[in-house]
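Let's take a walk through this model together, one feature at a time. Have a look at the picture first, then read on.

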Amino acid sequence: MNTNMVGYIHIGEIIVLIGYGLIFLGVGVLARKYPETISGISTMSKEKRDKLNLKKIGAFVSKWLNVSATVVFLAILIPKPDLRWQVACLVPVFLILLASAYLIKYKNTRFKKEE
């Protein structure tokens, strides 16, 4: 059976993609619940960390991880196998890099703790 047929998806691919998406969802829940463990924030000094709204940062990162998981789940519907895997692997990485850049740029303004 030709596995490169358009529209054909193997059950193993579905299981891997669902597992991959669930990892993004799980990390999103952890980021929302424990925002102090997010890279860059965990290495900050306590004084700088106390000036940030960690709850808002955790929610922001969690939303982007949930969007990444949604992209992975929707990639299952792409009929071409090569395109399916490119979307499932590259788009979530791009989204996470975009969210990281936004967080770095606006960390001291938008995500500052309101007094």
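The side chains of K46 and D50 pair up in a salt bridge, with 3.4 Å from N to O; that term means a side-chain nitrogen of Lys or Arg within 4 Å of a carboxyl oxygen of Asp or Glu. Before going further, note that this is a predicted model, where local features need pLDDT of at least 70 and side-chain atom pairs count only at pLDDT 80 or more, while totals for chains, interfaces and linings use all residues. Residues are numbered from 1 along each chain as its sequence is written, and side-chain values use heavy atoms, with hydrogens and water left out.

Back to our pair. K46 and D50 both sit in helix α2 (residues 46-50), 4 residues apart, or about one turn of the helix. Helices here are DSSP runs (H or I, at least four residues), numbered from the N terminus. Side chains of opposite charge can pair when their charged atoms come close. K46 is exposed, at 54% relative accessible area, and D50 is partly exposed, at 40%. The cut-offs are under 20% for buried, over 50% for exposed, and partly exposed in between (1.4 Å probe, protein chains only).

How many salt bridges does the structure hold? There are 2. Besides the pair in α2, R84 and E13 meet through their side chains at 3.0 Å, N to O. This one links distant parts of the chain, since R84 belongs to helix α4 and E13 to helix α1, 71 residues apart.

α1 has 23 residues and reaches 33 Å from its first C-alpha to its last, close to the 33 Å expected at 1.5 Å a residue. The expected span is 1.5 Å times one less than the number of residues. α4, with 26 residues, reaches 38 Å, close to the 38 Å expected. The buried residues of α1 include L17, F24 and A31, and the buried residues of this helix pack against α3 and α4. Among the buried residues of α4 are A88, P92 and L95; its buried residues pack against α1 and α3.

You can see the three helices come together at S68, which is found in α3 and is buried at 0% relative accessibility. Not counting residues up to four places away in sequence, S68 touches F24, P92, L95 and I96.

Finally, look for the largest pocket, with a volume of about 390 Å³. A pocket is an open set of points on a 1 Å grid over the protein atoms alone, where a 1.4 Å probe fits, with protein on both sides within 12 Å along at least five of seven lines; lining residues have an atom within 4 Å of a point. The volume is the space filled by probe spheres set on the points, which are joined across faces, edges and corners. Its lining has 19 residues, with I38, S39, V61, S100 and L103 nearest the centre. α4 gives the most, 5 residues.

Notes. Helices (H or I, at least four residues) and strands (E, at least two) are DSSP runs, numbered from the N terminus. Contact means heavy atoms within 4.5 Å.
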